[in-house]
Amino acid sequence: MMSFRIGLVGVICLGVILAQKYTGPRPPKPDVPYLVHADNLVPAEVVEAKEEKRKDDLAYIIDGAASSARTPLSGPRFLFQGDKLSADKLQLYRFDVKNGHREVFFSKKGKGSAKARRVEVTSLGDGLFRIDVTESLENGEYGLTPEGSNQVFCFEVY
């Protein structure tokens, strides 16, 4: 009987939490991640990566050594209003800066290949999502990219 009451209280609390509406700032454009800086939203730099084959491996190259979107937070948070893109298909990678451009390298052998960083996607309702980076990022260049696409949403952690 006691466990039934505790379960009932838990269900009621969950209902209250789910009924709460997000009241913070909203992204002005859909399908672009925005860095959250208090009540300000900073759009990620939207670019198309160039695919370059290197023997059996692939590199994706972005012009410019640094992103125009910057954050001092080692665990950044994004807001994303989905329309054509799915928030849960976004993957986070770190870019190496070489010869004035940014690149990420994927090897079929696995050696030196880029690995996706962990992110957590939370639905806030009405197609709005919060994307939290769940590991501490070192200073450097990063990009969120939809799985299977050359579109990249770049940002810098400084």
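# Ring pairs, cores, a sheet and salt bridges

The structure holds four aromatic pairs, and since the model is a predicted one, these pairs, like everything that follows, are computed from predicted positions. A pair of aromatic rings is described by the distance of the centres and the angle of the planes. In the pair made by Y60 and F106, the ring centres are 5.9 Å apart and the planes stand at 75 degrees, which is over the 60 degrees required, so the pair is edge-to-face. With a relative accessible area of 17%, Y60 is buried, whereas F106, at 23% relative accessibility, counts as partly exposed. F106 also forms an edge-to-face pair with Y93, with 5.2 Å from centre to centre and 85 degrees between the planes. Here too the pair links distant parts of the chain, Y93 lying in strand β8 and F106 in strand β9, 13 residues apart. Y93 is buried, its relative accessible area being 11%. Taken together, the ring pairs link Y60, Y93 and F106 into a cluster.

Which residues have the most contacts inside the largest nonpolar core? That core has 16 residues, and the ones with the most contacts inside it are F78, L92, L137 and F155. Several strands contribute to this core, for at least two of its residues come from each of β7 (77–81), β8 (90–98), β11 (128–133), β12 (140–146) and β13 (151–157). Of the strands, β13 gives the most, with three residues. Apart from this core lies another one, made of nine residues, among them V47, A49, I62 and V104. The surroundings of F78 can be followed residue by residue: once its neighbours within four places in sequence are left aside, F78 is in contact with P33, Y34, L35 and V36, with F129, R130, I131 and V133, and also with L144 and F155.

The next feature is a sheet. Strands of a sheet pair through backbone hydrogen bonds, either parallel or antiparallel. In this model, five strands form an open sheet in the order β2-β1-β7-β11-β10, and their pairing is antiparallel. The edges of the sheet are β2 (40–43) and β10 (119–125), each of which pairs on one side only. From one strand to the next, the twist averages 30 degrees. Within the sheet, β7 and β11 are joined in the antiparallel sense over five bridges, and the partner that R77 finds in β11 is D132.

Charged side chains provide a further set of links. Side chains of opposite charge can pair when their charged atoms come close. How many salt bridges does a search of the whole structure find? The search finds 13, and one of them joins the side chains of R102 and E45, with 2.9 Å from N to O. Because R102 lies in strand β9 (residues 101–106) and E45 in strand β3 (residues 45–48), this pair ties together parts that are 57 residues apart in sequence. R102 counts as buried, at 1% relative accessibility, and E45 is buried as well, with a relative accessible area of 18%.

R102 takes part in another salt bridge, with E141, where the closest N and O atoms are 4.0 Å apart. This pair links distant parts of the chain, R102 in strand β9 and E141 in strand β12, which are 39 residues apart. Both R102 and E141 are buried.

The closest N and O atoms of K50 and D63 are 3.1 Å apart, and the two residues link distant parts of the chain, K50 in strand β4 (residues 50–54) and D63 in strand β5 (residues 57–63), 13 residues apart. Finally, E52, R54, K98 and E103 are linked with one another in a network of salt bridges.

Terms used
Residues are numbered from 1 along each chain as its sequence is written. This is a predicted model: local features need pLDDT of at least 70, side-chain atom pairs count only at pLDDT 80 or more; totals for chains, interfaces and linings use all residues. Side-chain values use heavy atoms; hydrogens and water are left out. A nonpolar core is a set of buried Ala, Val, Leu, Ile, Met, Phe, Trp, Tyr and Cys residues joined through side-chain atoms within 4.5 Å. Buried means under 20% relative accessible area, exposed over 50%, partly exposed in between (1.4 Å probe, protein chains only). Helices (H or I, at least four residues) and strands (E, at least two) are DSSP runs, numbered from the N terminus. Contact means heavy atoms within 4.5 Å. Two strands pair if DSSP finds at least two bridges between them. Axes are lines fitted to C-alpha atoms, for helices over the stretch in contact, and angles run from 0 to 180 degrees between N-to-C directions. Rings of Phe, Tyr and Trp (its six-membered ring) pair if their centres lie within 6.5 Å; planes under 30 degrees apart count as stacked, over 60 as edge-to-face and the rest as tilted.
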